[in-house]
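Visitor: I have the model open and want to go through it piece by piece. Can you take my questions as they come?

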Amino acid sequence: MDNRGIEFGYGFLNQESSFDVQFSLIEYDGSHSYARAYLVGLLNTLLVAFLGIIISTIIGVVVGIARLSPNYLIERAAAFYVEFFRNIPLLLQIFFWYFAALRALPLPQDSEAMFGVFYLTIKGFFMPRFIWDNLDVLFYSIIAVIISIIVIRNYAKKLQENQGKQLPVFSISIALLIVLPLLTFLFGGVSLSFELPVLKQLSTTSYVYKGGLGIPPELIALTLALALYTATFIAECVRAGIQGISKGQKEAAASIGLTPNQVLKLVIMPQALRIIIPPTTNQYLNLTKNSSLAAAIAYPDLVLVFAGTALMQTGRAIEIVSITMFTYLSISLSISLLMNWYNKKIAIKEK
Amino acid sequence: MFKYLKQLTSFIAMVAVLFAFTTEAMAKKSKTLKNTQKKGFVRCGVSQGLPGFSNADASGNWTGVDVDVCRAVAAAVLGDANKVKFTPLSAKERFTALTSGEIDILSRNTTWTLSRDADIGLTFVGVNFYDGQGFMVRKSSGITSTSQFKNGISACTNIGTTTELNMRDFFNSKGISYEPVAFEKADEVVAAYDSGRCDTYTTDKSGLAAQRTKMQNPDEHIVLPETISKEPLGPVVRQGDSVWEDIVRWSLNVMIEAEEYGITSGNADSMKTSENPAIKRLVGAEGELGAAFGLDNDWSLRIIKQVGNYGESYKRNIADTGILPDRGPNQLWTKGGILYVPPAR
């Protein structure tokens, strides 16, 4: 490295970054340090990974179950979706959503409001921002609800084991979840108001929505592409998991009088999950790592902000690439650790 | 026993002295030059396609003023301007490619700044295009000056360039809030701006002029008159090989000085009989200029004959292609521009 005239050191992290980032979850502008820019990129990566994992899991489970549906149309539609989306390279899909699908969206001034307050435009998705008063009271009430639900569930479990009685736990939980926060609005001084996005003219032909909450189209395109792509693999994991349970289990459960819903919830799913979790963990890891393709469509993730702009401005290739690699490794290992813990929790407990 | 030992030490001393001499003689010759001559081609980093500067046609031939710098070096050190291997690089990859030794010259519309020159193991050898950052907007927007920019404007640009920094300085000094949308590749910046994602597209003005030709309807866009920064673009080499650095610097300088003295690819041979010693030096008829780099005396003549002088290169690549017909500051100092190079003597 001396030979090439390259210096080594991490001191640059404290220097002023002097570049701005389009979208960040924490307060940031060019007067902050490179370390802060790193954090901005990291949080944006975690955001898209988090959203992607949630959405892909929901779609994946629904499609996976749909593939086993006795209804021919549903089964075929699900199969088509899986085969179509998992066999096209992800980068192409990202480009499709960003450059083809989102380009078809209207300009801000031409967009029509959905439900009067949501605007989907080529410059992003704009919606009202929530402005809370006494948010902490609401927060405490929700914690109280969660604790009481856990207590009730444990009580219901004991009741069933001792006396065979069943409590409608689900209905009670929902009721609590609605009633208690509602009380805080009435008596706790909690109030909610909205800040609506307003159309603002920039020049003769260009407009933008100001105020409210704006979600950049880059985030929408990336999340959509990642979720739709990864969901196909998760759907296959779910299908494999359910098909991996022998038919006898289902028939035996039905024969002792369980309803189809109970069969799925109490007999099939607990066993299927053990098969589903490990390969799904892989898909979560893939999704997280694939999110680094964000650079292609200007979503400011870790690779674009830190291993892109920051690397260019400082020239510290070795330091920055090593930090970035270590960060992805840490994220992946954390997800893996969490999923392994969950897997262990639902594994068969041999006595 | 003692006698043998004495003989042995004197032998070792002799070898050491010899070794010292040879290494000193080798140090005179550039390592990069030696490697280039061994390989038989110059390794040159260029852009991924910027018309007028470095752009490949359908059959893979590279043209442009940046490309011509590499061709000039190839003509000087290898005798053939076509012996260049071009590596297209993104703005993000370019410096790493140079410092890691993947390329030996980076000639990719790169802005010369203090931090790049001093901090990251690079050396800028000169300026082959004086540029400045500007803004492009849609004609229909009615904007004719940057003073009409308003809060909330979104600006598309490339990552990893001085553009990102200048843009922040500019909008901050005007107190305008803006949304930077930064892409990795220029083609995607253009596509996003063209689709209406951004209100303005900002990069070096030469780049704006060149990219405008790639848009669906070039006539619907205008480049605003304001220039918000100084962008001296020039070739870059790795730090630590001063002979190679000199070769690249003087290959560029020869092209500019040749224009100053009216030497073109067409008349270079006949200039050998010129009365003017400065002209005679440039075409290798007088002096021993090449020896300082370890090259023969016709190195500069080959550059002029095979690549042409700076004016020819500019006309061929930038003026005749309609990108920037007016040379502006990139005119010789004798004709009102700021192109002024030290004398080759």
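Visitor: Starting with chain B, how do S8(B) and S11(B) pair, and over how many bridges?
Guide: Strand S8, residues 133–138 of chain B, pairs with S11(B) in the antiparallel sense, over five bridges. Bear in mind that this is a predicted model.

Visitor: Which residue in S11(B) is the bridge partner of Phe135(B)?
Guide: Phe135(B) is bridged to Thr202(B).

Visitor: And S9(B) with S11(B), parallel or antiparallel?
Guide: Parallel, with two bridges joining S9(B) to S11(B). Cys156(B) has Tyr201(B) as its bridge partner in S11(B).

Visitor: How many residues of S11(B) are buried?
Guide: Five of the five, residues 200–204, so the strand is largely enclosed by the rest of the structure.

Visitor: Now Thr273(B). Where is the place of that residue?
Guide: In the loop between helix H9 (242–260) and helix H10 (277–282) of chain B.

Visitor: Buried or exposed?
Guide: Thr273(B) counts as exposed, because it has 10 C-beta neighbours inside 10 Å, and the cut-off for exposed is 12 or fewer.

Visitor: Switching to the interface. How many residues of chain B are in contact with chain A?
Guide: 39 residues of chain B, and they touch 33 residues of chain A. Elements of chain B that each supply at least two residues to that side include helix H4 (94–99), strand S9 (153–158) and helix H6 (162–174).

Visitor: Which element gives the most?
Guide: S10(B), with five residues on the side of chain B that touches chain A.

Visitor: What is that side made of, by class?
Guide: Twelve nonpolar, 15 polar and twelve charged residues.

Visitor: On to chain A. How many helices and strands are there in it?
Guide: Chain A has ten helices and seven strands. Its C-alpha atoms fill a box of roughly 75 × 60 × 45 Å along the principal axes, and buried residues make up 32% of its 351 residues.

Visitor: What domains is chain A divided into?
Guide: Domain 1 covers 29–105 + 213–307, and domain 2 covers 131–191. The centres of these two domains of chain A, taken over C-alpha atoms, are separated by 30 Å.

Visitor: What is the strand order in the open sheet of chain A?
Guide: The order is S1-S2-S7 in chain A, three strands with antiparallel pairing. S1 (119–121) and S7 (213–215) stand at the edges with a single partner strand each, so one side of each has no neighbour in the sheet. The twist averages 15° from one strand to the next.

Visitor: How many bridges join S2(A) to S7(A)?
Guide: Three, joining S7(A) to S2(A), residues 124–127. Within S7(A), Gly214(A) stands opposite Phe126(A).

Visitor: Last one: at what angle do H9(A) and H10(A) pack?
Guide: About 170°, with the axes of H9 (302–314) and H10 (317–346) of chain A 9 Å apart. That makes H9(A) roughly antiparallel to H10(A).

Visitor: Which residues meet there?
Guide: Among them are Leu302(A), Phe306(A) and Ala310(A) from H9(A), and Ile320(A), Val321(A) and Thr324(A) from H10(A). By class, the contact has nine nonpolar, two polar and no charged residues.

Notes. Residues are numbered from 1 along each chain as its sequence is written. Chains are lettered from A and ligands numbered from 1 in the order in which they are written. This is a predicted model: local features need pLDDT of at least 70, side-chain atom pairs count only at pLDDT 80 or more; totals for chains, interfaces and linings use all residues. Two residues are in contact if their C-beta atoms, placed from the backbone, lie within 7 Å. Helices (H or I, at least four residues) and strands (E, at least two) are DSSP runs, numbered from the N terminus. Ala, Val, Leu, Ile, Met, Phe, Trp, Tyr, Cys and Pro count as nonpolar, Asp, Glu, Lys and Arg as charged, and the others, Gly among them, as polar. A residue is buried if 20 or more other C-beta atoms lie within 10 Å of its own, exposed if 12 or fewer, and partly exposed in between; C-beta atoms are placed from the backbone. Two strands pair if DSSP finds at least two bridges between them. Domain bounds come from an automatic or database domain assignment. Axes are lines fitted to C-alpha atoms, for helices over the stretch in contact, and angles run from 0 to 180 degrees between N-to-C directions. Angles under 35 degrees count as roughly parallel, over 145 as roughly antiparallel, 65 to 115 as roughly perpendicular and the rest as oblique.
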